[in-house]
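These are my notebook entries on what I looked up in one structure. I set them down in the order in which I consulted the model.

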Amino acid sequence: MDLEKIHFMKEVAIDYYINNLRQNQIAKKHNMSTSMVSRLLDEVKAEQYVKFKFDFPTISDKELSSQLMKKYDLDYVFVAPESSNNLNLVFDDLVLGLGDYLLNIVEHNHNIGVSWGKTMFQLSERLRIKKELENVSVYQLHGGVSNIKTDTKSFDIVRNFGNVLNAEWFTLPVPSIVDSPEIASVLYQDSSVREVTEMYEKLDVALFSVGTMSENEMGVKAGYFTKEEFAELRSEGYVGDICSRYYDREGNHPNKKLYERIMGIDLETLKKIEHRICVTVDFRKEESIRSAINSGLISSLFIDHRTAKLLIENN
């Protein structure tokens with residue numbers, strides 16, 4: 001596109017979006033047809049020369065939030081309002097709500113644990129907190145995955161949260177799941193691993209999402225399980241995972257050998273943390289969310305409207 005046309009499109013866009021002129025006024029000003037103005041404005045949007053950003057105050061669906069807090073005895077619930085089917089807009093609402101919540105609960109000298117996953121990466125990229133904090137530390141809650149098949153971006157997530165909170169940040173430089181309990185036991189003795197895992201007992205906040213028992217989950221993609229092995233876990237009653245720790249409807253983990261292969265915080269330690277914050281935007285995680293809440297793994301929930309209604313309606 002030639003520079004002269006771009007310059008003209010800019011003039012039209014400024015008249016329309018900044019000077020608030022109507023299209024017929026712009027047409028008269030530039031001696032052109034109204035239809036031409038309309039086509040130019042369409043082209044401006046198509047080329048993304050003009051981008052729109054919503055900056056409304058954070059609003060939770062108070063009725064659903066209140067119902068969920070009462071039904072599940074939660075400390076805090078934020079339900080994104082049913083204003084759009086666009087997941088990006090829903091997630092924007094959750095990010096704003098979470099930012100306000102963290103503003104209230106995170107204090108100087110706090111230790112914060114974060115998990116990884118698509119939801120956590122989106123959070124770490126979008127979250128902003130306008131608070132001057134001192135001596136805050138961020139720790140990776142479980143080992144990552146980075147191979148030719150997939151990448152959890154666990155390093156990026158911990159770094160991003162560290163930057164958002166003006167905090168020191170510490171990664172856990174091991175896989176999320178290793179081949180045997182014996183290997184896990186040896187790795188836990190490594191000094192760089194102990195530096196992180198010994199802090200789990202001192203965490204003030206844990207921030208995570210939940211996984212389901214879908215064949216598309218990270219454990220299968222990364223090669224830790226075959227589809228057949230994962231199907232067997234489902235048959236044993238497992239419904240989801242938090243920080244790579246798989247649990248059943250009661251929040252238990254009957255497969256002891258699998259549980260001892262995990263590198264990261266255990267569910268018993270997680271339950272002791274004061275603020276256990278779960279963020280999710282996927283209605284297919286309803287069962288795994290409900291089981292985690294009922295077993296004490298979640299104290300605060302940030303959730304989309306559709307999943308919130310399912311949690312209210314189903315027992």
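**Entry 1: charges over rings.** I began with lysine 153, which lies over the face of phenylalanine 121, at 5.4 Å from the ring centre. I then found the charged end of arginine 306 over the ring of phenylalanine 283, 3.6 Å from its centre. I counted a charge as sitting over a ring if NZ of Lys or CZ of Arg is within 6 Å of the ring centre and within 35 degrees of the ring normal.

**Basis of the entries.** The model is predicted, so I note that local features need pLDDT of at least 70 and that side-chain atom pairs count only at pLDDT 80 or more, while totals for chains, interfaces and linings use all residues. Residues are numbered from 1 along each chain as its sequence is written, and side-chain values use heavy atoms, with hydrogens and water left out.

**Entry 2: aromatic pairs.** I took rings of Phe, Tyr and Trp (its six-membered ring) as paired if their centres lie within 6.5 Å; planes under 30 degrees apart count as stacked, over 60 as edge-to-face and the rest as tilted. By this rule I have seven aromatic pairs. In one of them, tyrosine 76 and tyrosine 101 are stacked, with 4.5 Å centre to centre and 10° between the planes. Tyrosine 76 belongs to strand β1 (residues 76-79) and tyrosine 101 to helix α5 (residues 87-105), so this pair links distant parts of the chain, 25 residues apart. For helices (H or I, at least four residues) and strands (E, at least two) I used DSSP runs, numbered from the N terminus.

Are these two tyrosines buried or exposed? I used buried for under 20% relative accessible area, exposed for over 50%, and partly exposed in between (1.4 Å probe, protein chains only). Tyrosine 76 counts as partly exposed because its relative accessibility is 28%, whereas tyrosine 101, at 9%, counts as buried.

Phenylalanine 78 and phenylalanine 302 also form a stacked pair, with 5.9 Å centre to centre and 20° between the planes. Phenylalanine 78 lies in strand β1 and phenylalanine 302 in strand β9 (residues 300-303), so the pair ties together parts that are 224 residues apart in sequence. Both phenylalanine 78 and phenylalanine 302 are buried. I noted that ring pairs link Tyr76, Phe78, Tyr101 and Phe302 into a cluster.

**Entry 3: threonine 280.** Threonine 280 counts as buried because its relative accessible area is 0%. Leaving out residues up to four places away in sequence, I listed the residues that threonine 280 touches, among them Leu94, Ser209, Phe302 and Asp304. Contact here means heavy atoms within 4.5 Å.

**Entry 4: strand β2.** In β2 (residues 111-114), I saw Asn111 and Gly113 point one way and Ile112 and Val114 the other, and all are buried. In a regular strand the side chains alternate between the two faces of the sheet. Two strands pair if DSSP finds at least two bridges between them. β2 pairs with strand β3 (residues 137-140) in the parallel sense over four bridges, and valine 114 stands opposite glutamine 140 there. From β2 the chain crosses through helix α6 (residues 118-126) to β3, and I recorded this β-α-β crossover as right-handed (with the strands pointing away from the viewer, the path from the first strand over the helix to the second runs clockwise). β2 also pairs with strand β5 (residues 205-208) in the parallel sense, over three bridges. In that strand, leucine 207 stands opposite valine 114.

**Entry 5: helix α2.** Which residues of α2 (residues 23-30) are buried? I found Ile26, Ala27 and His30. They cover an arc of only 100° around the axis, which puts them on the same side of α2; the arc is that of the directions from the helix axis to the C-beta atoms. The buried residues pack against α1 (3-18) and α3 (34-46), while the face turned away from the buried side carries the exposed residues Lys28 and Lys29. Just after α2, asparagine 31 takes a positive phi of about 55°.

**Entry 6: glutamine 48.** I found a further positive phi, of about 60°, at glutamine 48, which is not a glycine. Glutamine 48 is placed in the loop between α3 and α4 (62-72), and counts as exposed because its relative accessibility is 52%.
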